[in-house]
Amino acid sequence: MSWSQRHEVRITLLALAAGAPALLVAFGLLFFGDHSAKVRWTLAALMMLAWIGGAAALHARVTRSLQVVSALLAALREEDFSLRGRPTAGPADDALSDVIREINGLADTLREQRLGAFEADALLRKVMTEIDVAVLAFDAQGAVRLANRTAERLLEGTGDVLGRDAVALGISACLEGQAPRTLLTVFPGGAGPWELRRSQFRQRGLPHTLVVLTDLRRALREEERQAWQRLVRVLGHEINNSLAPIQSIAEHLGQQLALPPGQRAADLDEDLAGGLEIITRRSAGLSRFLAAYARLARLPPPRLAAVEVAAWVGRVAALERRVPVLVEPGPDGLLHADGDQLDQLLINLVRNAADAVLAAGDGDVTVTWRIAAGTLELVVRDDGPGLAETANLFVPFFTTKPDGSGIGLVLARQIAEAHGGALSLHNRGDGRRGCEACVRLAATGLRIADHGP
């Protein structure tokens with residue numbers, strides 16, 4: 001006998017027990033009273049029928065209510081949220097009606113949540129299908145439990161990947177080592193490099209590993225293409241600037257020399273000397289330009305040694321004689337860096353600042369620094385006209401100066417990045433004209449100098 005059946009039997013027995021005292025009293029009055037036998041047995045039969053009928057009606061009412069609630073809950077368990085119970089007619093505070101209304105409300109809530117989960121799952125699958133990165137999910141045993149279309153293309157030729165072991169698929173390296181990192185591996189669908197990212201998640205209480213592989217070739221090719229475009233544009237501009245006058249002068253001198261001696265200009269010798277001088281000067285300028293390019297391309301790795309910040313700044317500031325260079329002392333500190341390269345970096349920044357001050361007609365150059373959160377921030381500030389062109393500041397060989405090479409800022413930034421830092425250049429934000437060059441060197445190798453008492 002199940003629990004519900006025992007419950008129904010107990011309700012029936014409780015109903016019979018509740019009516020039994022009254023029935024016994026009625027029987028006593030009936031049989032000990034002055035009544036005929038026919039009346040006694042007729043009334044006794046009616047009372048027994050009423051007693052048993054009431055208990056049966058109570059049993060049926062309780063059973064039907066429990067069956068309705070059971071059917072609604074079973075539908076919820078089977079994820080059938082379309083079934084609804086109908087509250088009993090009568091007062092709104094009826095207990096059974098309240099239970100049915102709560103179950104109906106629960107069904108509505110679960111239906112909305114299930115619909116939202118289906119929509120979110122459909123959106124997730126759509127995104128995973130369309131994104132151009134390989135997404136794989138592995139269970140605790142290393143078997144593939146999820147793979148998007150890109151991952152299947154990456155592993156093409158290996159058959160169906162779902163349910164297969166990572167070792168059998170040849171991708172066990174994705175589950176080992178540090179992440180994120182660059183993975184140089186050849187998959188059946190293509191060669192690397194790949195950016196590997198890995199994270200952990202749980203599904204149905206079990207641990208899983210999510211692996212994301214991004215093909216870096218396209219991004220690298222796009223960056224390479226843009227770099228070549230910038231380089232060819234600047235090289236073509238500079239070379240044409242030198243070759244155009246050389247070609248024009250050479251053609252003019254050739255035409256003069258092709259004339260018969262009697263028709264040549266009287267000052268031909270002067271034209272020849274002047275033209276050859278221009279050709280020599282432009283050729284030398286082109287040679288210096290190419291040498292500057294070679295110097296930029298062959299920047300050696302830094303040779304690290306102790307560099308005192310205050311001595312470094314003071315030494316470079318003393319080299320600029322054209323305009324006043326004011327040094328605002330900051331905290332004492334030591335850098336583990338290449339002193340020669342840092343000198344070249346700061347020389348370029350101070351020289352650019354001095355050129356800007358000279359272009360403006362007056363003003364000063366200020367160099368200051370501070371140490372915050374383990375980072376050295378050195379600022380070179382000028383009172384020049386400010387920056388009008390910011391898009392090409394760090395494009396190699398781009399310059400707005402008539403005699404500039406266009407590699408000073410590029411070389412300075414390259415040196416800063418080689419030391420784990422960065423270089424930025426922007427207009428001053430204190431309401432004054434001019435600009436600021438800010439060098440930030442990473443915290444590695446940086447410490448406050450201890451000079452003692």
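Student: Where is confidence lowest, and where is it highest?
Tutor: Strand 15 (residues 446–448) is lowest at a mean of 44, and strand 9 (residues 325–328) is highest at 90. Over residues 443–453 pLDDT stays under 50, and the model has 20 contacts beyond four places in sequence for them. Where pLDDT is low, predicted coordinates should not be read in detail.

Student: How do you know that the span of helix 9 agrees with its number of residues?
Tutor: Helix 9 covers residues 339–360, which is 22 residues.

Student: What makes Asp338 a cap of helix 9?
Tutor: A side-chain oxygen of Asp338 lies 3.1 Å from the backbone nitrogen of Asp340, at the N-terminal end of the helix. The cut-off for a polar contact is 3.5 Å, so a distance of 3.1 Å qualifies. Just after helix 9, Gly361 has a positive phi of about 105°.

Student: Which residues of helix 9 are called buried?
Tutor: Among them are Leu342, Leu345, Leu346, Leu349 and Val350. The label requires a relative accessible area under 20%.

Student: What does helix 9 give to the largest nonpolar core?
Tutor: That core has 35 residues, and those with the most contacts inside it include Trp312, Leu346 and Leu349. Elements giving two or more residues to this core include helix 8 (309–317), strand 12 (375–382) and helix 9. Helix 9 gives the most, with eight residues. Apart from this core lies another, of 19 residues, among them Phe187 and Leu196.

Student: Which residues does Trp312 contact, leaving aside neighbours within four places in sequence?
Tutor: Its contacts are Val307, Leu335, Leu342, Asp343, Leu346, Leu376 and Leu378.

Student: Why is Glu79 called partly exposed?
Tutor: Its relative accessible area is 46%. Buried means under 20% and exposed over 50%, so Glu79 falls in between. Glu79 sits in the loop between helix 2 (37–77) and helix 3 (95–130), and its phi is near 60°, a positive value in a residue other than glycine.

Student: What makes the peptide bond from Ala179 to Pro180 cis?
Tutor: Its omega is near 0°. Pro180 is in the loop between helix 5 (166–169) and strand 3 (181–183). Most peptide bonds are trans.

How values were computed
Residues numbered from 1 in each chain as written. Predicted model: local features only at pLDDT ≥ 70, side-chain atom pairs only at ≥ 80, totals over all residues. Heavy atoms only, no water. Helix = DSSP H or I, 4+ residues; strand = E, 2+ residues; numbered from the N terminus. Expected span 1.5 Å × (residues − 1). Buried < 20%, exposed > 50% of the residue type's maximum accessible area, 1.4 Å probe, protein only. Polar contact = N/O pair within 3.5 Å; in protein donor to acceptor, adjacent residues only side chain to side chain. pLDDT = per-residue confidence, 0-100. Contact = heavy atoms within 4.5 Å. Core = buried A, V, L, I, M, F, W, Y, C linked by side-chain atoms within 4.5 Å.
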